[in-house]
Amino acid sequence: MSCRCFGLFDWFKGNDSQDQTQGQEFATDNVRLFSYNSLRSATSGFHPSNRIGGGGFGVVYRGVLRDDTQVAIKTLSAESKQGSREFVTEIDMISNIRHPNLVELIGCCVDDKHRILVYEYLENNSLASVLLGSRSKYIALDWSKRAAICIGTASGIAFLHYEAVPRIVHRDIKASNILLDGNFHPKIGDFGLAKLFPDNVTHLSTRVAGTVGYLAPEYAHLGQLTKKADVYSFGVLILEIVSGRSSSKAAFGVELMLLVEWTWKLREEERLLEIVDPELSEYPEDEVIRFIKVGLFCTQAAAHQRPTMKQVLEMLSKDVQLNEKQLTEAGVYRGYRRMSSESSSSLNTKRKQSVDPSSSTNIVSSHSITEMLPR
Ligand SMILES: Nc1ncnc2c1ncn2[C@@H]1O[C@H](COP(=O)(O)OP(=O)(O)O)[C@@H](O)[C@H]1O
Ligand SMILES: [Mg+2]
């Protein structure tokens, strides 16, 4: 895939930097180019009261453009090399694809040291802030909204895996990257870690990046990336949506199990419905059990036993009978916190510590070399 944004950068380099501070905006095929000044005025000088998220490589602000459009403005810290790489990745991945369940990139700013992405603004922030965040931001989501969020997110991932050209593995599916519009319609955001996944490639052997609590074990331990890593993370996400609890906190039972471990234990004890969020006073039991089971199928240890996202979509949207007997054992990666000796040589580099209490630690490990393995 050609990277349009490199063209953008070249274009900027060739221009008088004076020009770039005059507040003009430029248009390319898919992304608008914004000047730093125009984004500064859209956010009242990046005022803290306009801050709506972030903490990893920069801060996300709500902004209002001159034509009154609301936007989300994601600033990347100037010093971070990792941030620059994610900036390029993010533009490259989403400037060419459109889907109702993927956040729309409106434009970007490459102005002196500044690297900024401009997105459509989603009024209800993220699933993490609504469902798993502080009490002050909590919004009650009834079952029909939660089911629609699961199905919409599955549909977005299935699009990335099977329709986007080339195919894309997101690698960081989690509650803080699922954004919600005014009607709680979900849109997947944060493509900073995404990888292109051409059809003739079965897996990538890559640096491990993602978030503890959502990482598929084969990917966390061996750096083997397939679409099934997203399937695993999505399975964890379903369990969070049903339970209203965060997967990143080991907080269940006396053994302080992770949400995935706890769900599998409850299944063994035939107490599966105990995982359901106590805030959900009314819900269709059969459907909720089906969703939990989809979460179980997605979080199996053996990647090839997990369903594809197309199958997941079908399992969620149709009243199908899921044959539990086909379930094999659960896969759980507990992260460096509980793997002290085992993990010290591999997964020990923190990518970032999020300030959002509802989101867990992102990591990057360089224990394997990035390469593509053709089939
Ligand atoms: N388009 C948007 N509309 C509303 N809020 C957003 C938008 N994009 C990001 N946010 C908020 O900012 C947070 C961080 O954004 P994200 O793109 O995930 O960056 P990071 O790389 O820091 O994780 C999100 O979890 C969400 O709370
Ligand atoms: Mg994020």
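User: Which residues does UniProt list for "binding site" in this chain?

Analyst: The unreviewed UniProt entry lists N177 and D190 for "binding site". The structure discussed here is a predicted model.

User: Where does N177 lie, and what makes N177 count as buried or exposed?

Analyst: N177 lies in the loop between β8 (168-169) and β9 (178-180). A residue is buried if 20 or more other C-beta atoms lie within 10 Å of its own. N177 has 25 such neighbours, and therefore counts as buried.

User: Where is D190, and what makes D190 count as buried or exposed?

Analyst: D190 belongs to the loop between β10 (186-188) and β11 (195-196). There are 25 other C-beta atoms within 10 Å of D190. The threshold for a buried residue is 20 or more, so D190 is buried.

User: Which residues are in contact with N177 and with D190, leaving aside neighbours within four places in sequence?

Analyst: N177 is in contact with D172, I188, G189 and D190. D190, with residues up to four places away again not counted, touches D172 and N177.

User: What makes the pair α10 and α11 roughly parallel or roughly antiparallel?

Analyst: The axes of helix α10 (residues 285-298) and helix α11 (residues 309-317) cross at roughly 160° and come within 9 Å. Angles over 145 degrees count as roughly antiparallel, so α10 is roughly antiparallel to α11. The crossing is right-handed.

User: Which residues make the contact of α10 with α11, and how are they divided by class?

Analyst: From α10 the contact takes F291, V294 and C298, and from α11 it takes V312, M315 and L316. By class there are six nonpolar residues, no polar residues and no charged residues.

User: How do you know whether α6 and α8 are roughly parallel or roughly antiparallel?

Analyst: Helix α6 (residues 143-162) packs with α8 at an angle of about 175°, their axes being 11 Å apart. The cut-off for roughly antiparallel is over 145 degrees, and α6 and α8 are therefore roughly antiparallel.

User: Which residues of α6 and α8 meet, and what classes do they belong to?

Analyst: In α6 the residues are R146, I149, C150, T153, A154, I157 and H161. They meet K227, D230, F234, L237, I238 and I241 in α8. The contact has eight nonpolar, two polar and three charged residues.

User: Which residues of α9 are buried, and what do they pack against?

Analyst: In helix α9 (residues 259-268), the buried residues are L259, V260, W262, T263 and W264. The buried residues of α9 pack against α8 (227-243) and α10. After α9 comes E270, which has a positive phi, near 55°.

User: What makes V320 count as buried or exposed, and where is V320?

Analyst: V320 lies in the loop between α11 and α12 (340-343). V320 has 12 C-beta neighbours, and so V320 counts as exposed. V320 and E287 are 33 residues apart in sequence and 9.6 Å apart in space, C-alpha to C-alpha.

User: How many helices and strands does the chain have, and what share of its residues is buried?

Analyst: The chain has twelve helices and 17 strands. Of its 375 residues, 46% are buried. Among contacts with a separation of 6 or more, 64% join residues 24 or more positions apart.

Technical notes: Residues numbered from 1 in each chain as written. Chains lettered and ligands numbered in written order. Predicted model: local features only at pLDDT ≥ 70, side-chain atom pairs only at ≥ 80, totals over all residues. UniProt positions renumbered as here; feature names shortened; annotations may be inferred. Helix = DSSP H or I, 4+ residues; strand = E, 2+ residues; numbered from the N terminus. Contact = placed C-beta atoms within 7 Å. Axes fitted to C-alpha atoms, helices over the stretch in contact; angles between N-to-C directions. Parallel < 35°, antiparallel > 145°, perpendicular 65-115°, else oblique. Left-handed = near helix turned anticlockwise from the far one by under 90°. Nonpolar A, V, L, I, M, F, W, Y, C, P; charged D, E, K, R; others polar.
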